[in-house]
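Dear colleague,

I am handing over the structure we spoke about, with the sequence alongside. Please have a look at it first, and then read the notes that follow.

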Amino acid sequence: MTTSLGRAPKVLIADDQKDILSSGKMLFKGEGIECITAESPDEVIERVKMEDFDLLLLDLNYQRDTTSGKEGIELVQKIRKLDSIIPIVVMTAWASVDIAVDAMKVGANDFVTKPWEIERLLSIVRTQCALKRSLENTQKLESENRILRQERDEGVSLIYESKAVQDIIDAFEQIAPSDANVIITGENGTGKTLFAKLCHQLSARKNHSFVSVNVGGLPESLFESELFGHVKGAFTDAKTDRVGRYEIADGGTLFLDEIGNLVLKHQATLLRLLESGEFERLGSSKTRKADVRLICATNADLAEHVRNGKFREDLFYRINTVPIHIPALRERPEDILPLARCFLETFKTKYRKDLAGFSNTTESQLRSYAWPGNVRELNHVVERAVLLSKSSSIQPSDLGIQGGAGATVSVDNQPITLEAMEKQMILQAISEFPGDPNSAADRLGITRSSFYRRIHKHGIPV
C-alpha cells in the first residue's frame, strides 16, 4: 500500500497490551504499512509532537484506568490541540461502543472493536489515510493559490536587443538544468525577478511552483511563519494551520528577493535550512523536508556586507554557487527603445489611447536619459506619458524627464525628484482603488508588501 506521495503510510498504534502491539505491527507490515508502537498516552503525545503520521490507532483504556475510556478520550482531545487533521481511530471492546462514540465527539474519526475484523480495520486505515492526504493537498493548494494570486506569474517575456542580455540568457540556459543555487545581483529595477523566473522556466522544475518571497518587505516577526508556515495557535492570529512558502515550493523554485536585507538571526535559520532541507512549522516540533531549488537576488554588495559583519560568510558561500549580474539599463542602451515601445503598446491598450508612437526627439531623449530606476522607472515614465499625452504621439514634454545623468523628473514643467514622483503615483493608485491595496499594488506593478513598505517610507496614512 502506498500513498499518492509514493511512500508507505505511517501508522502509530498505541495500547498497553504488548500482544495487541505485536499483532498490529505484523498485520501492517504485511500490508506495506510502516508501524510505530506506543504503550502509554504520554508516549503517544511525544511521538505526535516529533513525527508525522498518516493515522493514529489508539486504545481507549490504559493501565491507569482500564474500563472507563477516560484516558483515551483525554488523549484524543490533547492530540486534536496538536494536529487538526491527523486521522484518529480508537479501539474498544463491543461492550464499550458508547465510549468510542464519546471519543468521536471530541475528535476521533472512526472506531474498531477488539478483536479486529482485519478487512474492516484495513479498509478504515486506507480510507482515513487517503482523506488525510486529500486534506493536506487542499491545504497546500489553498496556500499555493494565494501566493500565485499575489505573484500573478504569467510566464517570462524578455524584450532586448543587447548582447549583454543575450549573454545572461545563454548563462541561464547552461545552469538552469542543474540544482545549483543562483544569486542574481544588480540595481533596483533591472529585472532580477524576471530573470529568476526565466531560470525556473528553463529548469526541469518548470512544471512545479515558482514561489517568491520579498525578504526585504517581511517584518522580522513574520519571517519564519511566512517561510515555514505555522500551526493553529502558534501565535495570537494563527487561527488555522498554514503551509509556508518553502513547503509550497517543494519540487520547484524558491526565490528570495532582497536577500541582503535579511537580519543575522534569520540568516542562521536559512543556513540550517539549506544545509539539511529540513524545517518545522512555527509552533510545531515535527520535522518536515522539501526538495527546493534556491535563487536569491540583491542590489547590495554581499561581499562587503560579509566584511562588515552584516552577512554570514558561510551563508554567502552557500547561496553564491552561481552569481549572475544584471547590468543597469544605462549599460545596455540598445534595450531602451525596444522596452519603451513594448510598454507603450501595453499602456495604449490599457488606457484606450490612440497613439502613433514616440516622436523622434522623444526617442532621442529616452536614449540619452540615465535611467537611475532602470527598467522599472522606464515602465512608469511611459505609463505616465500615455496618460498625459494630448497629441497623436508621445512628445518629450510628456515624459517629464531631462537628458543626462543628473536628470530629474518634472510635472507641469516643474522639477520633481523620483522620490516625489513615486509618492505621487502611490497616492494616485490609492485614489483609484480606495480600500483595495491589492489592486493598488497591481496598478503600480509591485507586490502588496512592497506597496505597504513604500506607503510607510513616504508617511502616507492608511
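A question to begin with: does V213 count as buried or exposed? Please keep in mind while looking that this is a predicted model. The residue V213 lies in strand β7, and because its relative accessibility is 2%, V213 counts as buried, the cut-off for that class being under 20% relative accessible area. Leaving aside its neighbours within four places in sequence, V213 is in contact with L218, L227, R245, L254, F255, L256 and D257. As for F223, which is 10 residues apart from V213 along the chain, the C-alpha atoms of the two are separated by 9.6 Å.

Strand β7 belongs to an open sheet of five strands, whose order is β7-β10-β13-β6-β14 and whose pairing is parallel. The edge strands of this sheet are β7 (210-214) and β14 (322-325), each of which pairs on one side only, and the twist from one strand to the next averages 20°. At the β14 end of the order, strand β6 (residues 182-185) pairs with β14 in the parallel sense over four bridges, and T185 has H325 in β14 as its bridge partner.

Strand β10 (residues 253-257) contains T253, which counts as buried because its relative accessibility is 0%. When its neighbours within four places in sequence are left aside, the residues in contact with T253 are H200, R205, S209, F210, V211, R293 and I295.

There is also an open sheet in which five strands follow the order β2-β1-β3-β4-β5, again with parallel pairing. Here β2 (34-38) and β5 (110-114) are the edge strands, each pairing on one side only, and the twist averages 20° from one strand to the next. Within this sheet, strand β3 (residues 55-59) pairs with strand β4 (residues 88-93) in the parallel sense, over four bridges, and the bridge partner of L56 in β4 is I88.

The buried residues in α3 are E71, G72, I73, L75, V76, I79 and R80. As a check on its length, helix α3 (residues 70-82) has 13 residues, which at 1.5 Å a residue should span 18 Å, and its end C-alpha atoms are 19 Å apart, so the two values agree.

Finally, there is a pair of helices to look at. Two packed helices are described by the angle between their axes and the distance between the axes. For helix α6 (residues 163-175) and helix α7 (residues 192-201), the packing angle is about 35° and the axes are 9 Å apart, while the crossing of α6 and α7 is right-handed. On the α6 side, V165, I168, I169 and F172 meet F195, L198 and C199 of α7, and by class this contact has seven nonpolar, no polar and no charged residues.

Methods
Residues numbered from 1 in each chain as written. Predicted model: local features only at pLDDT ≥ 70, side-chain atom pairs only at ≥ 80, totals over all residues. Heavy atoms only, no water. Pairing = 2+ DSSP bridges. Helix = DSSP H or I, 4+ residues; strand = E, 2+ residues; numbered from the N terminus. Axes fitted to C-alpha atoms, helices over the stretch in contact; angles between N-to-C directions. Expected span 1.5 Å × (residues − 1). Buried < 20%, exposed > 50% of the residue type's maximum accessible area, 1.4 Å probe, protein only. Contact = heavy atoms within 4.5 Å. Left-handed = near helix turned anticlockwise from the far one by under 90°. Nonpolar A, V, L, I, M, F, W, Y, C, P; charged D, E, K, R; others polar.
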